[in-house]
Amino acid sequence: MSRVSVEAAPIAELTRSEPVPAVRARAIRAAYQLAGRPPLAVLDGIDLTVASGELVALLGPSGCGKSTLLRILAGVQLPSDGTVEIDGRPPAEARRAKALGLMLQEHALLPWRTALDNARLGLEVNRSSGSSATLAREALSGVGLTDFADYYPHQLSGGMRQRVALARTLALRPRLLLLDEPFAALDELTREELGWELTRLRTSIEATAVMVTHSVAEAVALADRVVVLSARPARVLAVVPVELPRPRAVDVEGTAEFARHVGEIKRLLRGGVETSQPRGSSDLLRERQRVPS
Amino acid sequence: MSSKSPRHMAGRLVPLLVPAILLVVAEVWLRLSHVPVYLAPPPSTVAARLFGDPTFFLGHGVTTLLGALAGLALGGGVAVPLAAAMAQAPILERTILPLAILVKVTPVVALAPLFVIWFGFGWAPIVLIVTLFTFFPVLVGGVAGLRSVDAAALAFLGSVAATPAEVFWKLRVPSALPHLFAALRVALPLALIGAVVAEWLGSDRGLGHVVGAAHARLDLPTLAAAVVVLAALGALLTALLAWAERRALFWQRSDEA
């Protein structure tokens, strides 16, 4: 389970060294059927394996199906083809065990509940535990909102609301965090700040994480590996291991290594956008999976 | 302190000034032109009639109020659970909602005489007509409300395997409240209209009956006084509803766009 050992390993080696990965998705396909139109393929055979303790970023052009993939991993949407296993079991089972922590771009707080009651929402569901208030309070203080437990969402700033949403997710102590651009609606400084806070809190509860983002810098700064997806229908263009030492801090963004990773991923993304359809181009890109150093 | 400043007082009084001026103009004009009282009674005559026999108007007003509220309670009491059932079962919605919308756009006043024939004289036709008036707006509002849930909140509840009952009580019902209050704002005046129409057609009590009987005798001061009481009732109920809405939907104010 040591994260450092798996951090730089490509998928094939991971699946061999880790008997039960946190996430194993095989040949995931998804399509949307809109009335009077041909089916719109969004995911075109995605394979994804995430080792326990890893933070994997999903990066791709907007509208490529990243969010769909995340919803499929969470089991709130079914793939048209392919299988998903979370810790070796189907997502529905993982959901019932409260092993999943889903967090979306919209804070999705219930406006009629205080910050504390929002933070305990997930704990309340399908289990009436007396300790939910304590756990929720802990989670709130974890995100620095101890003094705002009795505030309603409309009384909080955008960043604070997203912190409450983060507390609501972390209060579940999930094994796997599924994050869909969780801070994208915030200003850049708040977004960075919350990103670092997220990594700190994730480490403290030893959770694995899959994070959808459209920010290359965010992906490189926070992730152990970056999965680069093509334009719709999405395929995996490349998996880029982030070879930056941990623990990382804000100043990592000033390093040459950081810039090299960002440059490499941007090149991959540009290639993916320009030649999104032909298969040949993506094979070419897959060859560059090992980042030259 | 500031609430007692002359400026503030003026701000409160100015809106009352316009109706006051209109009343004075009507009074002076009707008195000077000698319009007969059975065509248009001066405001002072109406006021004299109203305050000369306050128990008469109060008694009939309470009757109308009770009829309207009983019908609204019955209509809403059936509409809200039905809306919940429809929100859970799409087949039910496809069957009932078109009918509900048809009735909603029909001037159901036309059915009122029929109800009097069917249910006789007294409380039954009044309550049932008000029920018919108020049932469909509340039903349509309730269905719309129970459907208007935040997709991201729904996804979060799904990710922790919430049961349909948990989603219903924790998310759908509170989300429906703004729509339900909007529906009640429509239904409340309809309830008063329904009660007045029903009393007019088939009752010996209530302000609707008072208006009908006064009309038959060309007793315009009584008719106008009854209308004044009805207007006061409508304003009172609307103010109470607005107060309840502010209390219940405190979280709706100044939320993000």
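Hi everyone, let me start with helix α5 of chain B, residues 112–119, where B:A112, B:F115 and B:V116 are buried. By buried I mean that 20 or more other C-beta atoms lie within 10 Å of the residue's own, with exposed at 12 or fewer, partly exposed in between, and C-beta atoms placed from the backbone. Helices here are DSSP runs of H or I with at least four residues, strands are runs of E with at least two, and both are numbered from the N terminus. As a reminder, an α-helix has 3.6 residues a turn, so residues three or four places apart point the same way.

Before I go on, a word on the model: it is predicted, so local features need pLDDT of at least 70 and side-chain atom pairs count only at pLDDT 80 or more, while totals for chains, interfaces and linings use all residues. Residues are numbered from 1 along each chain as its sequence is written, and chains are lettered from A and ligands numbered from 1 in the order in which they are written.

Back to our helix. What do the buried residues of α5(B) pack against? They pack against α6 (123–147) and α8 of chain B, where contact means that C-beta atoms, placed from the backbone, lie within 7 Å. On the other side of α5(B), B:L114, B:I117 and B:W118 are exposed. Just after this helix, B:G120 has a positive phi of about 75°.

Now, where chain B meets chain A: 18 residues from chain B and 19 residues from chain A make the contact. On the chain B side, α7 (151–159) and α8 (164–202) each supply at least two residues, and α7(B) gives the most, with seven.

Let's move to chain A, which is divided into domain 1 (3–99 + 176–286) and domain 2 (109–173); these bounds come from an automatic or database domain assignment. Between them, 12 residues of domain 1 are in contact with 11 residues of domain 2. On the domain 1 side, helix α9 of chain A (residues 188–205) gives the most, with six residues.

Next, the sheets of chain A. One is an open sheet of six strands, ordered β5-β6-β7-β3-β8-β9, with mixed pairing; strands pair if DSSP finds at least two bridges between them. β5 (100–103) and β9 (236–241) of chain A are at the edges with a single partner strand each, so one side of each is left without a neighbour in the sheet. From one strand to the next, the twist averages 15°. Helix α8 of chain A (residues 158–170) packs on this sheet, touching β5 and β6 of chain A, and its direction makes about 165° with that of β5(A). Such axes are lines fitted to C-alpha atoms, for helices over the stretch in contact, and angles run from 0 to 180 degrees between N-to-C directions. Inside the sheet, five bridges join the parallel strands β6 (residues 176–180) and β7 (residues 208–213) of chain A, and A:L176 has A:T208 as its bridge partner in β7(A).

Finally, there is an open antiparallel sheet of three strands in chain A, in the order β2-β1-β4. Five bridges join β1 of chain A (residues 23–32) to β4(A), with A:R24 opposite A:E85. Helix α3 of chain A (residues 66–74) lies across β1, β2 and β4 of chain A, at about 125° to β1(A).

Note on methods: Contact = placed C-beta atoms within 7 Å.
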